[in-house]
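Biologist: I would like to learn how to read a model like this one. Could you take me through it feature by feature?

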Amino acid sequence: MLAVSPFNQLALSGVGPIKDVMIFDTTLRDGEQAPGIALSPEDKIRIAIALDDLGVDILEAGFAASGETEREIISEIARSNLNSKVCSLARAVRSDIDAVIDTGIDMVHTFIATSDLHMKYKLKMTPDEVKAKAVEVVEYAKAHGLEVQFSCEDATRSDLDFMKDILKSVQEAGADSVNIPDTVGVITPRAMGYLISELKSVLRVPISVHCHNDMGLAVANSIAAIDSGATICHVCMNGIGERCGNASLEEVAVNLFANYGIQTVDMSKIANTSKLVERITGFGLAGNKPIVGKNAFAHESGIHVHGVMSNSLTYEPFKPEMVGADRAIVIGKHSGAHSVQGRLDALGVDFPAENMQELLATVKKIAVGDKMIDDAELLAIVDNIVWRNTTKTTAVSLDELTVLTGKNTTSTAVVTVTIDKNDKRTAADVGVGPVDAAINAIRKAINDKITMEEYKLNAITGKSDSICEVTVMVKNVRNDGALAVGKAVGLDIVETSVDAMMAAINRDYARRRDA
Ligand code: KIV
Ligand code: ZN
């Protein structure tokens with residue numbers, strides 16, 4: 001199922017066994033604070049239920065003091081019979097604790113800033129005042145029967161001795177756990193390890209960690225904290241959160257599972273939970289987002305596809321099914337015969353080997369830019385090649401095509417065709433649109449008695465960058481009333497329509513010669 005680095009285990013020898021880690025999910029609080037995310041009560045409840053089903057231990061459902069609606073949502077979540085413990089954020093002020101008590105939940109996460117920067121410019125309080133406030137609020141919350149987690153906001157820019165002092169004091173006041181936020185994502189993994197070890201040496205309550213991703217180290221810092229003794233980890237699904245987000249739930253969970261053998265959540269539900277949060281928040285994931293991005297298990301280049309088809313662990317750290325995801329063998333401009341053949345095998349298509357080069361050439365021609373060819377498009381190309389190869393005649397070739405079109409202009413086309421290698425003809429015509437103009441010009445060049453009996457256009461994927469498939473049925477190519485069918489696939493509607501028309505004309509020429 002997985003093949004991670006053996007050095008991970010080697011590096012852990014000498015470090016005591018890492019205990020179970022509790023997942024403290026803050027998708028509905030810090031995650032919702034991300035610019036652009038605003039969740040309705042129904043959205044929050046749906047996400048809470050999904051996160052509970054995923055198996056998070058603690059759910060920070062919101063910030064009770066922010067308003068009546070928020071309190072109602074928190075209460076509603078708490079009434080939903082979840083296994084996760086429901087918690088609310090609260091500043092270190094009594095009125096915020098009262099707001100949490102009003103919701104009827106059992107746990108509060110209360111915080112006050114401890115860095116000089118925050119104490120001086122934001123709180124305008126001295127360190128002694130901050131410490132007194134922290135202790136008072138923890139005592140107050142405990143006296144009201146709440147489980148308390150206490151956070152030193154901006155911990156990673158705070159004075160270590162002051163933090164040890166305040167954290168020992170809140171521990172004495174009854175705090176059940178303490179949390180170390182890297183509020184603006186400024187610490188490095190090694191420093192985080194040092195900080196947690198230092199704090200662990202003076203505390204007996206569990207230590208939690210809350211890492212932001214401003215410098216891209218949120219997950220690494222969370223893991224470093226756990227490596228050094230933290231046993232609770234704050235995360236958000238899809239890594240959403242203030243500014244550059246929080247440590248992502250899925251990345252932390254997969255790292256703990258794959259590299260430390262610690263199961264925190266139901267791994268197989270990760271992909272679906274991520275999709276639900278993406279859909280509801282409208283916060284789209286980058287294709288290369290680890291674990292849950294659309295490229296996480298997608299392979300296009302020939303070498304990688306070959307490797308993955310022989311053993312997927314060659315180019316994947318673990319199998320996608322471990323997190324409930326699917327592998328995608330993408331057909332694009334880097335695809336080789338292995339990728340295409342693999343896709344055809346998976347689709348159960350028996351494609352003649354002698355036509356593989358033609359198929360690869362068509363794929364490369366169509367997969368321009370970042371265009372990917374999906375299964376339905378691949379099947380349309382395959383069908384067209386098989387159809388094309390039933391009649392090989394190219395008695396009539398299209399040498400040139402120019403089409404002029406626009407808004408409030410008469411579409412005009414000029415074509416040059418050659419019949420039987422030496423009869424070169426150029427003709428121009430107009431039409432109701434560019435396709436009609438091009439078809440009329442071809443008719444004029446070859447035989448203006450040709451009639452279009454049927455024209456069908458199908459955009460395979462239904463998207464604007466889809467391959468289109470055109471089928472035409474024409475009559476009278478050689479003035480005998482016979483019908484001929486032509487088909488083509490391509491990206492450009494005009495070019496593909498013209499290709500289909502030329503295919504029909506050549507079919508008719510082939511019939512005449514065979515007869
Ligand atoms: O990032 C942070 O410091 C926070 C606190 C409220 C804990 O989210
Ligand atoms: Zn935060």
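The dialogue below takes up the metal site, the ligand, the core and the backbone in turn.

Biologist: What should I know before reading any values?

Modeller: This is a predicted model, where local features need pLDDT of at least 70, side-chain atom pairs count only at pLDDT 80 or more, and totals for chains, interfaces and linings use all residues. Residues are numbered from 1 along each chain as its sequence is written, chains are lettered from A and ligands numbered from 1 in the order in which they are written, and side-chain values use heavy atoms, with hydrogens and water left out.

Biologist: Which residues are the protein donors of the zinc ion (ligand 2)?

Modeller: Donors are N, O and S atoms within 2.8 Å of the metal (3.2 Å for Na, K and Ca); water is not among the atoms, so sites may look incomplete. Here they are Asp 30 (OD), His 210 (NE2) and His 212 (NE2), 2.0 to 2.1 Å from the zinc ion. Their spacing in sequence is D-x179-H-x1-H.

Biologist: Where do Asp 30 and His 210 lie?

Modeller: Helices (H or I, at least four residues) and strands (E, at least two) are DSSP runs, numbered from the N terminus. Asp 30 sits in helix H2 (residues 27-31) and His 210 in strand S7 (residues 207-211), so the pair ties together parts 180 residues apart in sequence.

Biologist: Is Asp 30 buried or exposed?

Modeller: Buried means under 20% relative accessible area, exposed over 50%, partly exposed in between (1.4 Å probe, protein chains only). Asp 30 has 2% relative accessibility, so it counts as buried. His 210, at 4%, also counts as buried.

Biologist: How much of ligand 1 does the protein bury?

Modeller: Start with its oxygen atoms. One is 3.0 Å from an N or O atom in the side chain of Asp 30. A polar side-chain atom of Thr 183 lies 2.6 Å from a ligand 1 oxygen. Taken alone, ligand 1 exposes 260 Å², and the protein buries 93% of that (Shrake-Rupley method, 1.4 Å probe).

Biologist: How many residues has the largest nonpolar core?

Modeller: A nonpolar core is a set of buried Ala, Val, Leu, Ile, Met, Phe, Trp, Tyr and Cys residues joined through side-chain atoms within 4.5 Å. The largest has 97 residues; Ile 77 and Phe 150 are among those with the most contacts inside it. Helix H7 (residues 127-143) gives the most to this core, seven residues.

Biologist: What is the phi of Asn 408?

Modeller: Most residues other than glycine have a negative phi. Asn 408 has a positive one, near 60°. Asn 408 lies in the loop between strand S11 (396-404) and strand S12 (411-419). At 79% relative accessibility, Asn 408 counts as exposed.

Terms used:
A polar contact is a pair of N or O atoms within 3.5 Å; within protein, one must be able to donate a hydrogen and the other to accept it, and residues adjacent in sequence count only if both atoms are side-chain atoms.
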